[in-house]
Amino acid sequence: MSKKKKINAITEFALAEFGSAVEMLQAAKLAPDTKMAAGFIDHAVDEYRHANEFRKISSAAAQRENISGLRQLLSRNLLDKRIVDPNGFLFEKFSFDRFCFFVFLNETFAMRHFATTIIKDNLLTPEEKNIVAEIARDEEKHIHHAGKFVAKIQKSDPFKSRRLMLLERAFLFKRNLQSRTTKINQILSTIVLCFSLFIFALFLKTINLRRKFDTTDDEVFKNQGNLF
């Protein structure tokens with residue numbers, strides 16, 4: 001993976017953390033008790049901080065490596081990349097049990113990527129690696145809290161636990177696939193748009209040529225009339 005792709009990947013981490021913070025704040029608004037709401041708010045604060053740290057790391061790395069043309073961290077990309085669904089937040093659409101499995105699996109998935117993509121990467125300075133290691137510890141805390149709810153479900157209803165685990169793995173795979181195909185869709189959309197503009201330009205040119213010929217014919221007939 002090139003350095004440019006690695007720095008873009010860090011920006012993607014920042015966007016994912018930002019999206020998680022938005023989801024957690026919405027969950028806090030709808031939580032059934034103040035203790036749970038406080039837990040969601042604490043989680044959201046961590047995620048906002050992580051997003052900002054990743055943003056600063058990607059910017060500093062790009063400046064050190066003198067790399068330009070990188071992706072920007074834009075809030076609208078939360079919708080463009082389907083990180084946040086415009087039709088509803090996860091805590092609104094999911095049951096509480098499913099939401100717990102979602103948080104548990106997504107935080108675990110993020111931890112694996114921290115370890116393989118960022119922490120062991122020679123692109124970062126020792127200070128930046130320490131920051132990422134601290135983020136990883138926060139993620140371990142989130143996994144622990146979500147894991148307690150998951151463990152309760154596994155103990156009380158093993159069949160439901162297996163079903164939710166499979167469901168969330170499929171959901172996670174779908175989200176990752178959508179994220180990876182976004183760029184392809186954008187390229188295809190650009191090609192279609194350019195082709196449509198080209199066809200429209202040809203159409204206008206054809207109309208203009210036709211008008212020109214019609215005007216020339218009218219002038220010929222007028223000149224013939226003047227001869228008699």
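Author: Ala60 is partly exposed, with a relative accessible area of 27%; here buried means under 20% relative accessible area, exposed over 50% and partly exposed in between, with a 1.4 Å probe and protein chains only. This is a predicted model, in which local features need pLDDT of at least 70 and side-chain atom pairs count only at pLDDT 80 or more, while totals for chains, interfaces and linings use all residues. Residues are numbered from 1 along each chain as its sequence is written, and side-chain values use heavy atoms, with hydrogens and water left out.

Ala60 belongs to helix H2, the part examined here. The setting is a chain with seven helices and zero strands, where helices (H or I) are DSSP runs of at least four residues, strands (E) of at least two, numbered from the N terminus. In order from the N terminus, the elements read α-α-α-α-α-α-α. Of the 228 residues in the chain, 35% are buried.

Two packed helices are described by the angle between their axes and the distance between the axes. Axes are lines fitted to C-alpha atoms, for helices over the stretch in contact, and the angles run from 0 to 180 degrees between N-to-C directions.

Take the pairing with H1 to begin with. H1 covers residues 3-30 and H2 residues 34-65; their axes come within 8 Å and cross at roughly 160°. The two helices are therefore roughly antiparallel, a label for angles over 145 degrees, with under 35 roughly parallel, 65 to 115 roughly perpendicular and the rest oblique. Their crossing is left-handed, that is, the near helix is turned anticlockwise from the far one by less than a right angle, clockwise being right-handed. Sorted by class, this contact holds 21 nonpolar, five polar and five charged residues. Ala, Val, Leu, Ile, Met, Phe, Trp, Tyr, Cys and Pro count as nonpolar, Asp, Glu, Lys and Arg as charged, and the others, Gly among them, as polar.

H2 also pairs with H6. Their axes come within 11 Å and cross at roughly 155°, which makes H2 roughly antiparallel to H6. This crossing, too, is left-handed.

Val132 lies in H6 and counts as buried at 0% relative accessibility; Ile57 is 75 residues from Val132 in sequence, with 9.3 Å between their C-alpha atoms. Ala60 and Thr125 are 65 residues apart along the chain, and their C-alpha atoms are separated by 9.8 Å.

Past the end of H2, Asn66 sits in the loop between H2 and helix H3 (77-80). Asn66 is exposed, at 71% relative accessible area.
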